[in-house]
Amino acid sequence: MTTIASTSYYNAATRHAGSNGAGLAKADDPYGDAVGDQASARGAGKESATADGAQADGGASTVTINFMGKVVNAIVLDRSNLKAINVAELPEDEYQQFMEGARRRMEANKSYLESQYTERSFPDYSNDPRMKTYATITIAGRVVATIDNQGVVQTASDSMGDRITKMLMAGLTDEANIPGGPANAQYRAEKIAELLGGRIVKASTAMTQRQYNAMPPFEGPTITIDYEGMKNDPLSAQIDRMAENYAETEKKRAEYLARQQA
């Protein structure tokens with residue numbers, strides 16, 4: 001089954017409102033984009049930033065090993081050549097790049113920690129008239145697509161969903177001028193029926209645009225954060241140490257610049 005979002009869309013996982021996209025509806029993932037290590041590497045034989053704020057000589061070499069029946073290449077660091085460099089005394093561009101990476105890592109860890117102690121309770125809209133069927137599209141008596149009063153399309157098969165998605169994407173310019181709700185549902189029903197050569201069967205639960213517009217806005221989720229649990233999590237102490245190291249580096253940077261100007 002494929003679900004295709006409308007211009008005004010709500011479900012139990014997420015709400016897509018005012019987005020005129022015909023893409024597949026899926027739950028939002030605010031922490032989906034992982035922030036990687038922002039330290040800059042300057043190549044073998046040159047100094048590169050390490051995660052703890054030091055700079056070290058790479059001294060890397062490549063070896064070939066047999067792992068689980070597969071031949072792979074691996075990089076081995078010659079740790080005897082590691083050389084610490086004071087981050088506070090780096091050239092300005094490299095210092096700023098390193099500190100930006102440190103900020104990003106702290107923010108990523110904070111976001112992840114909070115997500116682990118956050119609960120979202122969504123209102124029950126299963127009986128909301130906007131979630132009910134507006135119309136179905138039938139071919140030879142068989143339902144191939146169902147559209148609710150928001151204009152959300154559900155298809156019986158993924159292949160059918162792909163065809164309808166591509167068709168709706170091609171008509172986004174026209175759809176952008178149509179209000180969300182039953183008007184959007186009717187527009188999509190007509191386009192899908194035209195594409196498939198099917199018939200529109202309007203449901204008894206179909207709303208008028210006036211009825212839809214008179215409904216109150218969908219309520220967002222109730223968010224509860226366990227701050228005490230966050231505080232006791234080992235990751236919280238790690239984040240605090242990261243912040244302390246960051247502040248200490250800033251202090252040393254200011255002292256270094258002051259000495260340079262003296």
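Author: Quick term before we start: a residue counts as buried when its relative accessible area is under 20%. Keep in mind that this is a predicted model.

Reader: Okay, how many residues of strand β9 are buried?

Author: β9 covers residues 133-139 and is mostly covered. Buried here means under 20% relative accessible area. Going by that cut-off, the count for β9 is 5 of its 7 residues.

Reader: Which residue in β10 stands opposite I137?

Author: Start with the pairing: β9 and β10 (residues 142-148) run antiparallel and are joined by 6 bridges. Within β10, the residue standing opposite I137 is A145.

Reader: And in β12, what is the bridge partner of I137?

Author: β9 also pairs with β12, residues 199-202. That pairing is antiparallel too, over 4 bridges. The partner of I137 there is I200.

Reader: Which residue takes a positive phi in the hairpin of β9 and β10?

Author: This hairpin has 2 residues between the strands. A phi near 55° turns up in it, and the residue that takes it is A140.

Reader: Zooming out, what percentage of the residues of the protein chain count as buried?

Author: The protein chain has 7 helices and 13 strands, and 262 residues. Its accessible surface comes to about 16,000 Å², with 50% of that belonging to carbon and sulfur atoms. By the under 20% cut-off, the buried share of the residues is 32%.

Reader: What share of the contacts with a separation of 6 or more comes from residues 24 or more positions apart?

Author: Here we look at contacts in the protein chain with a separation of 6 or more. Among those, residues 24 or more positions apart account for 63%.

Notes: Residues numbered from 1 in each chain as written. Predicted model: local features only at pLDDT ≥ 70, side-chain atom pairs only at ≥ 80, totals over all residues. Heavy atoms only, no water. Buried < 20%, exposed > 50% of the residue type's maximum accessible area, 1.4 Å probe, protein only. Contact = heavy atoms within 4.5 Å. Areas by Shrake-Rupley, 256 points an atom, 1.4 Å probe, with all protein chains shown as cover. Pairing = 2+ DSSP bridges.
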